[in-house]
Amino acid sequence: MEICSFYSTPYYCVVNVKPNVIQKCLISNQAMFPRLKERRLCSGSDVYSVMKNKNQRSCTVASVKGVDSVDSTLLSESYSSDVVDGKVGTQGVTSRGISVPKVMIPSLPSEAKGDAVAVIDSCLWEWKPKLNVHYEKSGCQNVNSAPILFLPGFGVGSFHYEKQLKDLGRDNRIWALDFIGQGKSLPCEDPTSRSKRLDESEGDGNNVLWGLGDEAEPWAKELVYSVDLWREQVRYFIEEVIKEPVYIVGNSLGGYVALYFAAYYPQLVKGVTLLNATPFWGFLPNPVRSPRLSRLFPWAGTFPLPSNIKKLTELVWQKISAPESIAEVLKQVYADHTTKVDKVFSSILEVTEHPAAAASLASIMFAPQGQLNFKEALTGCRMNNVPVCLIYGKEDPWVTPIWGLQVKRQVPEAPYYQISPAGHCPHDEVPEIVNFLLRGWIKNVESDSSVALPLLDYPESVEYDVVKELEFVRQGVKKSAKVQFYGSMTSQWERLGMFLKSRFQNGVYSP
């Protein structure tokens with residue numbers, strides 16, 4: 001029999017313990033127990049010992065000394081299993097037959113039930129000639145509260161943050177903007193002119209797509225919908241509209257832009273939260289970063305579009321703007337197909353009907369990369385002490401968990417919350433959880449970490465992994481999702497190993 005001793009933490013503890021009584025738990029191997037710094041569950045000299053039988057896939061946990069001095073606050077009623085964590089590191093506490101602590105969190109406010117809901121105002125801000133930025137805001141009366149700016153993912157807009165505007169706007173000041181070239185921030189005029197007569201198929205021109213003309217208008221000669229343009233858009237929006245440093249929250253593309261912006265203008269950022277942030281953007285080289293290589297690509301998203309790109313754009317746009325294509329994409333990115341996406345679907349469809357949408361897509365897809373890549377932007381944020389928080393949906397088919405783990409490896413002090421089930425857009429799929437985590441994280445930052453992070457009982461518990469099941473009520477039905485907090489002490493090899501293991505069930509890979 002092999003004996004290994006370890007010091008317990010609030011998250012690796014025995015519940016329902018009686019003196020000299022042995023409790024059992026299922027584990028797979030000795031590596032399940034991490035090498036932890038000395039952090040005690042019990043006061044005095046009480047520690048625990050783990051005895052593992054090499055011939056069995058089980059272990060016994062016994063008290064070496066009496067347990068009369070166990071801190072009862074650590075053994076809360078929410079721990080319903082004999083041992084609260086079948087797994088450590090990235091495996092979490094979800095071994096078969098072992099439950100995790102359950103925590104009830106607030107539901108979204110319901111206007112139908114008479115709950116107070118923040119009023120959303122839709123606004124336009126003229127940034128440049130012919131380029132009006134659409135944004136939505138709420139909670140402006142909360143003058144002493146934290147200002148939060150939400151940046152949308154590719155193909156959507158501020159409408160994707162309606163659940164944050166209505167809920168978080170009750171006690172914070174919230175803004176959500178549409179990137180230029182997307183959402184309702186498309187140009188109000190055709191960026192190109194047509195020197196040739198319209199084809200007969202175009203009729204009177206009422207259904208002509210903008211941006212496919214032969215010559216760029218003066219105001220659009222240098223227009224390209226790139227991350228550099230969006231970075232500057234965010235800068236001027238904060239300086240001229242919000243007028244103070246903000247917390248920035250970005251989903252997918254919005255997460256990339258948030259990080260990119262914060263690396264350039266840390267003085268305007270109080271903190272960054274990444275919601276399944278895309279780890280790269282753009283295919284063509286940046287002319288500032290790679291001037292020689294960029295010369296190989298004479299066209300990089302500017303207007304007018306080359307003739308071959310025009311034809312390709314019309315063909316591709318006809319396919320991807322079809323309602324059935326939009327519905328299929330939404331089906332992919334939402335893990336819970338019971339989530340109502342009717343409003344999101346209709347809002348996306350409305351954007352596709354704008355005459356400038358097709359050419360804007362072409363400009364976005366052929367725009368150059370940013371001057372910093374994702375890793376460099378993350379390094380810039382860390383060097384400037386910009387707080388970073390990671391909230392990722394585990395079932396994202398595009399930005400899979402391994403990308404979030406890479407960010408955590410580069411910034412180990414950043415709190416990382418993984419939600420399951422949740423896909424690419426956790427803020428819309430499980431807004432109750434995302435709003436709960438955002439509120440708690442901002443309180444932690446505002447208090448200089450004197451207030452514990454969400455899911456943690458004490459500020460110093462940030463070193464250890466925790467898993468809890470968060471419950472909430474939505475439209476009269478109780479729902480829940482597991483949320484894993486990744487601490488700063490578990491090694492990345494353990495995390496990677498547990499991630500890979502989670503992909504295999506009975507020897508079969510499950511993507």
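A: What follows covers salt bridges and then strand pairing.

A: This is a predicted model, in which local features need pLDDT of at least 70 and side-chain atom pairs count only at pLDDT 80 or more, while totals for chains, interfaces and linings use all residues. Residues are numbered from 1 along each chain as its sequence is written, and side-chain values use heavy atoms, with hydrogens and water left out.

Q: OK, how many salt bridges does the count come to?
A: The count comes to 20 salt bridges, a salt bridge being a side-chain nitrogen of Lys or Arg within 4 Å of a carboxyl oxygen of Asp or Glu.

Q: What does Arg173 pair with?
A: Arg173 forms a salt bridge with Glu244, and the closest N and O atoms are 2.6 Å apart. Arg173 lies in strand S9 (residues 173-177) and Glu244 in the loop between helix H2 (227-242) and strand S12 (246-251), so the pair ties together parts that are 71 residues apart in sequence. Helices (H or I, at least four residues) and strands (E, at least two) are DSSP runs here, numbered from the N terminus.

Q: And is Arg173 buried or exposed?
A: Arg173 counts as buried at 9% relative accessibility, whereas Glu244 is partly exposed, with a relative accessible area of 29%; buried means under 20% relative accessible area, exposed over 50%, and partly exposed in between (1.4 Å probe, protein chains only).

Q: Which residue does Arg170 meet?
A: The side chain of Arg170 meets that of Asp167 in a salt bridge, at 2.8 Å from N to O. Asp167 is buried at 3% relative accessibility, while Arg170 is partly exposed at 35%.

Q: Switching to strands, how covered is S13?
A: Strand S13 (residues 269-275) is mostly covered, with six of its seven residues buried.

Q: What joins it to S12?
A: S12 and S13 run parallel and are joined by six bridges, where two strands pair if DSSP finds at least two bridges between them. Tyr247, for its part, has Gly271 in S13 as its bridge partner. Between these strands the chain crosses through helix H3 (residues 253-264), and this β-α-β crossover is right-handed, which means that, with the strands pointing away from the viewer, the path from the first strand over the helix to the second runs clockwise.

Q: How many bridges join S13 to S14?
A: Four bridges join S13 to strand S14 (residues 388-393), and the two run parallel; Thr273 has Cys389 in S14 as its bridge partner.
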